[in-house]
Amino acid sequence: FIYLTFSPKGIFAMKKTLIGNLEIKPKSILEEGLRKELVRQFSAALHDSLQFQYSARSKQTLKEHIHSCNNVFKGLGSRIDGFQRSMIWLQDFLEIDGLHIFINETSRVLKFNVEHELMNMTQKKTPIPPPDNGVFIPLFARSEGDSSAASFVGRTLNALIYLTEPKYTIYSNHGWYFYSGEQVCGMKTISSLRNAIGIEGLVGIEKLLSCKIKSELSRFFKFYTNIQTYGTILEQFRDAIFPEWKCPKGGVTIYETALKKVVKLMSPMTKSFCRIGQFQLLRKMLKTELRVSVDAKVLHSCVVANKGMMINLAQNAHTKSKTIDTLGRFSDSLVLCGLANPMATIFMHTNSLEGLPSLITLFVIHSMRELTFDSDFGALVGKEDESIDGWLLVAGVATVLRQFNAAYTKSLFALLGQYLKCSMASHLAKARTEELPRISTEAKNIVIFMRQLRSISDLDSSILFQQVPQHLMEMIEASS
């Protein structure tokens, strides 16, 4: 950098020169060299710093991983800030827009590595387009500590997934915690990550999470279509509890019989919903960080102001190419500002799956018997060392239902409301002869699940109160 502060005098005095028949512009060569060196050092810093070692996974190794991630993110953030300040300082001597060069080149490096990681995830081998300004981005060998990732972006994503492992942590209030209450991964961690890899880096990780969710959804739908032997059971169950607005003649016995027949499906469904929910809640945290820390305040204000106009434009124009391009650029701005709702994302087009609300109803009933409500966390929690977490299940179920017509969600609430009425009637009958609380733990958990599902899906409160009477809600809140 000291050399660069003195050498420009001679370079700027010679605007262009000829070497044979070749015209050379020294200033352009200087700028290109600066770009190449920035790309090389920035790529090397990300590759060398974002290295994570995974030994046998346990609660103790997770604690070590927490300190490792925090140190890596803070150290890398300081180093990247040094790069940016150096470019800003140099622009006064070189008479170039150093900050513009820094933003462009670092964004290119991050986007390039995200695309490379996406190719690794989808196992598609598409040619990587050449750089538009002649500055090539280096690719590094896979890390020995995490050979499944093709780049530093994939390693960072895997580190976040390990930090939020549901076997050792609980999600509550924009963060993951140990059962003891110690925070594992919260907004402070995500903020440190943003300082390290920037907004484009967070957007890239969110893109990879979306790819993982799509893969998990495809796996779940394939699993559902392969369980044809349970189709008759679900059909008989639907017929037995019809209509949904009143208790069936068989009462709770119908549900117990159906649960015994499909109990083998509960474990794979729990794993699938927890994985989807974990990825969605990570996306939610990343979106929150983008929204609260956006640097371009003017862009953020313009996006918010024009959001309604763009929605009307999308509804009125379907095929105009200019309109589609405008909406595409506006969509990119929404993503960068963190204004898109991750829980409203439709990841794939799906065919109708008969009996899915009935199966999810049985799954919720089964799961709520294994969970307890922790008032300190405000969440349904399982036993320690079990890979089940209430908020993850809620987010997973909400994401699956979002891929279908809204009738699937209404049907699930109706079926859960019907079971609550049957369960409450059966429980009150026993409570007259035995010393039992007025509200069973199972009923409390189901109502809590329904409230959290309504909240995270951003549904109108009427969908809940139509199925659960107000006085029952008040009884449950009073007994909590």
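## Basis of the model

Because the model is predicted, local features need pLDDT of at least 70 and side-chain atom pairs count only at pLDDT 80 or more, whereas totals for chains, interfaces and linings use all residues. Residues are numbered from 1 along each chain as its sequence is written, and side-chain values use heavy atoms, with hydrogens and water left out.

Side chains of opposite charge can pair when their charged atoms come close. One of these bridges joins the side chains of Glu 31 and Arg 35, at 3.2 Å from N to O. Both residues belong to helix H3 (residues 26–49), where they are 4 residues apart, about one turn of the helix; helices (H or I, at least four residues) and strands (E, at least two) are DSSP runs, numbered from the N terminus. An α-helix has 3.6 residues a turn, so residues three or four places apart point the same way.

The side chain of Arg 35 also meets that of Glu 105 in a salt bridge, with an N to O distance of 2.5 Å. This second pair links distant parts of the chain, since Arg 35 is in helix H3 and Glu 105 is in helix H5 (residues 98–122), 70 residues apart. Burial is judged by relative accessible area: under 20% is buried, over 50% is exposed, and values in between are partly exposed (1.4 Å probe, protein chains only). Glu 31 has 24% relative accessibility and therefore counts as partly exposed, while Arg 35, at 13%, counts as buried, and Glu 105 is buried as well.

Another salt bridge is formed by the side chains of Glu 206 and Lys 287, at 4.0 Å from N to O. The pair links distant parts of the chain, with Glu 206 in helix H7 (residues 187–226) and Lys 287 in helix H10 (residues 266–292), 81 residues apart. Both Glu 206 and Lys 287 are buried. Elsewhere, salt bridges that share partners join Glu 31, Arg 35, Glu 105 and Arg 108 into one network.

## Helix H13 and His 366

Helix H13 (residues 356–368) contains His 366. The helix has 13 residues and reaches 18 Å from its first C-alpha to its last, close to the 18 Å expected at 1.5 Å a residue, where the expected span is 1.5 Å times one less than the number of residues. H13 is mostly covered, with 13 of its 13 residues buried.

The side chain of His 366 makes a polar contact with the side chain of Glu 370 at 3.5 Å. Such a contact is a pair of N or O atoms within 3.5 Å; within protein, one must be able to donate a hydrogen and the other to accept it, and residues adjacent in sequence count only if both atoms are side-chain atoms. Leaving aside residues up to four places away in sequence, His 366 touches Leu 259, Val 263 and Met 266, where contact means heavy atoms within 4.5 Å.

## Helix H15

The 26 residues of helix H15 (residues 406–431) should span 38 Å at 1.5 Å a residue, and the end C-alpha atoms are 37 Å apart, which agrees. Asn 405 caps the N-terminal end of H15, placing a side-chain oxygen 2.9 Å from the backbone nitrogen of Ala 407.

Ser 426 has its place in helix H15 and, at 29% relative accessibility, counts as partly exposed. Although Ser 426 and Gly 251 are 175 residues apart in sequence, their C-alpha atoms are 8.0 Å apart in space.

## Backbone features in loops

The peptide bond from Phe 242 to Pro 243 is cis, with omega near -5°, and Pro 243 is in the loop between helix H8 (231–241) and helix H9 (252–262).

Asn 173 has a positive phi of about 55° although it is not a glycine; Asn 173 lies in the loop between strand S3 (170–171) and strand S4 (176–177) and, at 60% relative accessibility, counts as exposed. Asp 458, likewise not a glycine, has a positive phi of about 55°. The position of Asp 458 is in the loop between helix H16 (441–456) and helix H17 (462–465), and Asp 458 is exposed, with a relative accessible area of 62%.
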